[in-house]
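User: I should like to learn how to read the features of a protein model. Could you guide me through one, step by step?

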Amino acid sequence: MSLPVFDVVAPGLQTLVQDYPGRRGLQSKGFFPAGPMDHLSFRVANSLVGNAPGTAALEIPMGRLTLKVLAETSVAVTGAEGSGLTLNGEPMPLWETVRLVPGDEIKCVIVKGPGFRLYLAVVGGIDVPSVLGSRATYTMGGIGGVEGRALAKGDVLHAPPVPEPTRLRVPASLRPALANDWEIEVMRGPHADPDFLTEQDWKGLIGREWKVDLNANRVGTRLQAHRFQWARPSGGVAGGHPSNILDGSYPVGGINTNGDVPVILGPDGPTAGGFTVIGTVVHAGLWKTGQLRPGRDTIRFREVSLDEALSLAARADYTTDPHHYEEL
């Protein structure tokens with residue numbers, strides 16, 4: 001039986017219960033997987049408290065969360081810097097296991113960055129009902145997590161009673177490097193050159209700096225508008241603009257082009273539509289989209305091969321292995 005562990009005093013902007021990898025295999029039924037925007041920080045937080053890396057935990061964009069502790073437990077917080085994270089008014093470390101007792105208060109203020117999202121894992125995991133095989137909150141569908149919504153003041157979060165884990169710290173060398181100006185790895189297509197983009201368009205996508213728009217969220221990271229040349233005059237039967245295609249499925253991390261506006265599709269994005277996907281962020285680069293600050297950060301894309309993408313993914317998995325952490 002689960003026990004109450006946190007009383008939500010201040011819920012933050014859009015604090016969500018997520019798990020990883022979310023609801024895979026349901027795109028044909030209209031569900032993107034949900035799950036954390038920054039899967040790397042999320043999995044590390046869980047590893048620090050002895051959970052399986054995908055166990056349900058909290059995603060906290062921009063901060064402003066306050067939790068009152070109701071039971072003896074352990075937590076770990078990872079992710080963005082400059083959040084003013086405190087425990088009972090004193091600075092609380094990120095990237096390590098912290099033990100708590102009833103009456104403690106965890107608080108974070110507005111995240112100053114670099115980075116945008118924090119992840120809080122509790123030993124045993126946040127206990128919410130599993131919906132379609134996952135506890136992840138899918139904001140577009142209103143399912144999963146706490147009643148399919150963001151946390152609200154007065155919510156009480158539960159976790160199963162499990163033995164306290166060994167206290168661990170992630171060495172600085174294994175912590176994800178946060179930035180204001182990012183390099184994000186991509187592979188081209190499925191709708192790239194020469195059939196949709198010109199060769200110069202693709203070089204421009206890779207070569208230029210893109211600013212993250214204020215309208216960036218879990219559905220998609222919108223970038224500044226840019227006029228591509230396009231390799232064809234129109235979308236033909238699909239529509240007048242060259243970015244139009246007959247409806248097809250979208251990948252998570254796809255760079256979707258709606259006219260002249262590129263959008264990196266997030267974990268709550270649309271599963272299908274009638275616009276080109278000119279490139280796709282690889283798995284090991286996806287975590288970075290979760291730490292992009294809307295209206296401030298910039299991106300440069302770097303094209304990688306399939307072999308390099310697989311190598312980068314293996315390196316990310318290595319980072320989430322607690323055997324490489326320091327014991328406290």
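Predicted model: local features only at pLDDT ≥ 70, side-chain atom pairs only at ≥ 80, totals over all residues.

Analyst: Residues are numbered from 1 along each chain as its sequence is written, and side-chain values use heavy atoms, with hydrogens and water left out.

User: How many helices and strands are in the protein?

Analyst: Helices (H or I, at least four residues) and strands (E, at least two) are DSSP runs, numbered from the N terminus. The protein has four helices and 21 strands.

User: What radius of gyration would a compact globule with 328 residues have, and what does the protein have?

Analyst: The radius of gyration is taken over C-alpha atoms, and the globule rule is 2.2 Å times the number of residues to the power 0.38. For 328 residues the rule gives a value near 20 Å, and the protein has 20 Å, which agrees. Along the principal axes, the C-alpha atoms fill a box of roughly 65 × 40 × 30 Å.

User: What percentage of the residues of the protein count as buried?

Analyst: Buried means under 20% relative accessible area, exposed over 50%, and partly exposed in between (1.4 Å probe, protein chains only). By this rule, 54% of the 328 residues count as buried.

User: Among contacts between residues at least 6 apart in sequence, what percentage join residues at least 24 apart?

Analyst: Contact means heavy atoms within 4.5 Å. Of those contacts, 76% join residues at least 24 apart.

User: What span should helix 4 have, and how far apart are its end C-alpha atoms?

Analyst: The expected span of a helix is 1.5 Å times one less than its number of residues. Helix 4 (residues 306-319) has 14 residues and should span 20 Å; its end C-alpha atoms are 20 Å apart, which agrees.

User: Which residues of helix 4 are buried?

Analyst: An α-helix has 3.6 residues a turn, so residues three or four places apart point the same way. In helix 4 the buried residues are Ala-309, Leu-312, Ala-313, Ala-316 and Thr-319. They cover an arc of only 110 degrees around the axis, which puts them on the same side of helix 4. The arc is that of the directions from the helix axis to the C-beta atoms. Exposed residues Asp-307, Leu-310 and Arg-315 lie on the face turned away from the buried side of helix 4. The cover over the buried residues of helix 4 includes helix 1 (39-48), strand 13 (181-188), helix 3 (283-289) and strand 20 (298-303).

User: Which residues of helix 2 are buried?

Analyst: In helix 2 (residues 199-207), Asp-201, Trp-202 and Leu-205 are buried. Their arc around the axis is only 95 degrees, which puts them on the same side of helix 2. Strand 13, strand 14 (210-216), strand 19 (272-281) and strand 20 are among the elements that cover them.

User: Which residues touch the most other members of the largest nonpolar core?

Analyst: A nonpolar core is a set of buried Ala, Val, Leu, Ile, Met, Phe, Trp, Tyr and Cys residues joined through side-chain atoms within 4.5 Å. The largest one has 48 residues, of which Phe-6, Leu-58, Val-75 and Leu-120 touch the most other members. Strand 10 gives the largest share of this core, five residues. Another core, of 25 residues, lies apart from it and includes Leu-40, Leu-197, Leu-205 and Trp-230.

User: Which peptide bonds are cis, and which residues other than glycine have a positive phi?

Analyst: Most residues other than glycine have a negative phi, and most peptide bonds are trans. Here, the peptide bond from Gly-113 to Pro-114 is cis, with omega near 5 degrees. Pro-114 lies in the loop between strand 9 (105-107) and strand 10. Gly-189 and Pro-190 are also joined by a cis peptide bond, with omega about 20 degrees. Pro-190 is in the loop between strand 13 and helix 2.

As for positive phi, the value for Met-62 is near 75 degrees, and that for Trp-230 is about 70 degrees. Met-62 is in the loop between strand 3 and strand 4 and counts as partly exposed at 25% relative accessibility. Trp-230 is in the loop between strand 15 (220-223) and strand 16 (244-249) and counts as buried at 7%.
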